[in-house]
Amino acid sequence: MAKINKVRIPMREQSCEKRIKNFDSVPLGYSEEEAMAEAKRCIQCKDPICEKNCPVRMKIKAMIREIAKGNFKNAFFIAKEDNPIPAIAGRVCPQEDQCEGACIMGKTGDAINIGKLGAFIADWAMKNGVTEEFHIKEKDKKVAVIGSGPAGISCAVDLRKFGYQVTLFEALHIAGGVLQYGIPAFRLPKDIVDYELSYLKKIGVDVKLNNIVGQNIKFSELRNEFDGIFLGTGAGAPRFLNIEGEKLKGLYSANEFLIRVNLMKAYKFPEYDTPIVCGDRVGVIGAGNVAMDSARCAIRLGAKEVYILYRRTKEYSPARDEEIQHAIEEGVIFKELVNPVRFIGNEDGWVTGVELVKMKLGEPDKSGRPRPMKIEGTEFILELDTIVNALGTKPNRLFLDKTPELETASWGGIKVDENLMTNIKGVTAGGDAISGGATVILALGEGRQAAASIHKYLSNSNENG
Ligand code: FAD
């Protein structure tokens, strides 16, 4: 019997010196030979726990088996059965907490690189022009999907596969939600996002961009026109600390900073003339994926010193391991166990620094992580000329304020039952709009669950006449 290789086939990456000067993808992808070698490490468990740990239940075992045999086309079709955007999910999913976290190989060596194999097979299909054939049995019922982030995408695709006439409304001029405006191109190249999203049109989803539901189209109009609705409006409004100096110039919410950099391509100056102020000394408050993305963008914009300011220690950071490792390699400095007290500015209203207080870790809180506690009398000032606040987000009120009939939780999220139905009949919701900020794969999973709920609801209403 052949000996199983316990060590992962490494993924080639852009060198650190090179990549901090560009926004190109850091990982360079597997070659066909490398992907097959990595796939051959999979022992094809009888009961693959990796699949149980995948929120969209991808058929990981079968996909990897086909890659190992070099049957790339089959592997791609298998990946697409449950995940409409495998190239994207393969790049950004927190696999270490999900499929790879459960991989039996990880107990005695390296877990199979499931995410990168998913991205490989989707990239292979893109390069080779391989797409699935659709056999959709058309239905005459119409469903509206609001928001084109991962939740909206997976809901729209499944509804089309059920045969419904699907119209997707997106507020921005481009589809994709956070995949377009939040996650930088060095982690998620935008040609990949555009290609995977072109699937929506291919499958027959009518994508209406520049349409803000609640602003230029009323929700009541949609309710009259459509038989079912999915709300995948995300959580695009930043949270603030509400401390002194938060209105100073040079202080951004991560959303604004990343939108300027990614969506409005500030990094491509002078081709794109998007104003952005990124000084020499940048402080990013928070330590999740959004904070890592902001810090790594600041490095690429030419900042000399970039700090992650975090009230716990990095092992409790919610960011993906790979992002933390890449950020450190690129020179991002972690200042752990500190919390902002106030922001400091000059007479022209520009930020010049932050007063921080030192923290210590206490007993676990609701999140299971140790509660950060202030150490009195330890305040100090860190001089900075740009500050990015990456403290998390909540749903935008723009839509919710116009739909008072829709029940929301006290924190602002849309309330749903176990089938993702809201209090309004035939209206479902999922993704960050109900969770306040989670992951791409959880949003994809909820989009699929909501599509199944709408299908059940419309099938029952058919039977009842
Ligand atoms: P979104 O992606 O936010 O999409 C919502 C869409 O709805 C937007 O396009 C918005 O314009 C549109 N919309 C809102 N209101 C209206 C309206 N009234 N009418 C029409 N359209 C509307 N997750 C990971 O798994 N891995 C990562 O590495 C990762 N990194 C991240 C980095 C950043 C910078 C950010 C911000 C998030 C990251 N996340 C990551 C989280 C992940 O991207 C989100 O959980 C996911 O995108 C949520 O999907 P969604 O479809 O619910 O919402």
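## The main core

In this predicted model, the largest nonpolar core holds 92 residues, and Ile 67 and Leu 231 have the most contacts inside it. A nonpolar core here is a set of buried Ala, Val, Leu, Ile, Met, Phe, Trp, Tyr and Cys residues joined through side-chain atoms within 4.5 Å. Buried means under 20% relative accessible area, exposed means over 50%, and partly exposed is in between (1.4 Å probe, protein chains only). Helix α18 (residues 440-463) gives the most to this core, with 8 residues. At least three residues come from each of domain 1 (16-127) and domain 2 (142-236 + 394-464), with domain bounds taken from an automatic or database domain assignment.

Another core lies apart from that one; it has 28 residues, including Phe 257, Ala 298, Ala 303 and Val 388. A note on bookkeeping: residues are numbered from 1 along each chain as its sequence is written, and side-chain values use heavy atoms, with hydrogens and water left out. Since the model is predicted, local features need pLDDT of at least 70 and side-chain atom pairs count only at pLDDT 80 or more, while totals for chains, interfaces and linings use all residues.

Leaving aside residues up to four places away in sequence, Ile 67 touches Ala 35, Met 36, Ala 39, Phe 72, Ala 75, Leu 117, Phe 120 and Ile 121; contact means heavy atoms within 4.5 Å. Helix α4 (residues 60-69) is mostly covered, with 7 of its 10 residues buried. Those are Ile 60, Ala 62, Met 63, Ile 64, Glu 66, Ile 67 and Ala 68.

The buried residues of α4 pack against α2 (32-40), α3 (49-52), α5 (72-82), α7 (99-102) and α8 (114-127). Helices (H or I, at least four residues) and strands (E, at least two) are DSSP runs, numbered from the N terminus.

Five strands line up as β3-β2-β1-β4-β16 in an open sheet with parallel pairing; two strands pair if DSSP finds at least two bridges between them. At the edges, β3 (206-208) and β16 (427-429) each pair on one side only. From one strand to the next, the twist averages 20°.

Strands β1 (residues 142-146) and β4 (residues 228-231) run parallel and are joined by 4 bridges, with Ala 144 opposite Ile 229 in β4. Helix α9 (residues 150-162) packs on this sheet, touching β1, β2 (165-169) and β4, and its direction makes about 165° with that of β2. Axes are lines fitted to C-alpha atoms, for helices over the stretch in contact, and angles run from 0 to 180 degrees between N-to-C directions.

## Another parallel sheet

The order β6-β14-β7-β8-β9 describes another open sheet of 5 strands, again with parallel pairing. Here β6 (251-253) and β9 (333-335) each have a single partner strand, so one side of each is left without a neighbour in the sheet. The twist averages 25° from one strand to the next.

β6 pairs with β14 (residues 386-389) over 3 bridges, and Ser 253 stands opposite Asn 389. Helix α13 (residues 254-263) lies across β6 and β14, at about 85° to β6.

## Cysteines

How many disulfides does a search of the whole structure find? It finds 0, a disulfide being a pair of cysteine sulfur atoms within 2.5 Å. For Cys 93, the nearest cysteine sulfur is that of Cys 99, 7.0 Å away. Cys 103 has its closest cysteine sulfur in Cys 50, at 6.7 Å, too far for a bond.
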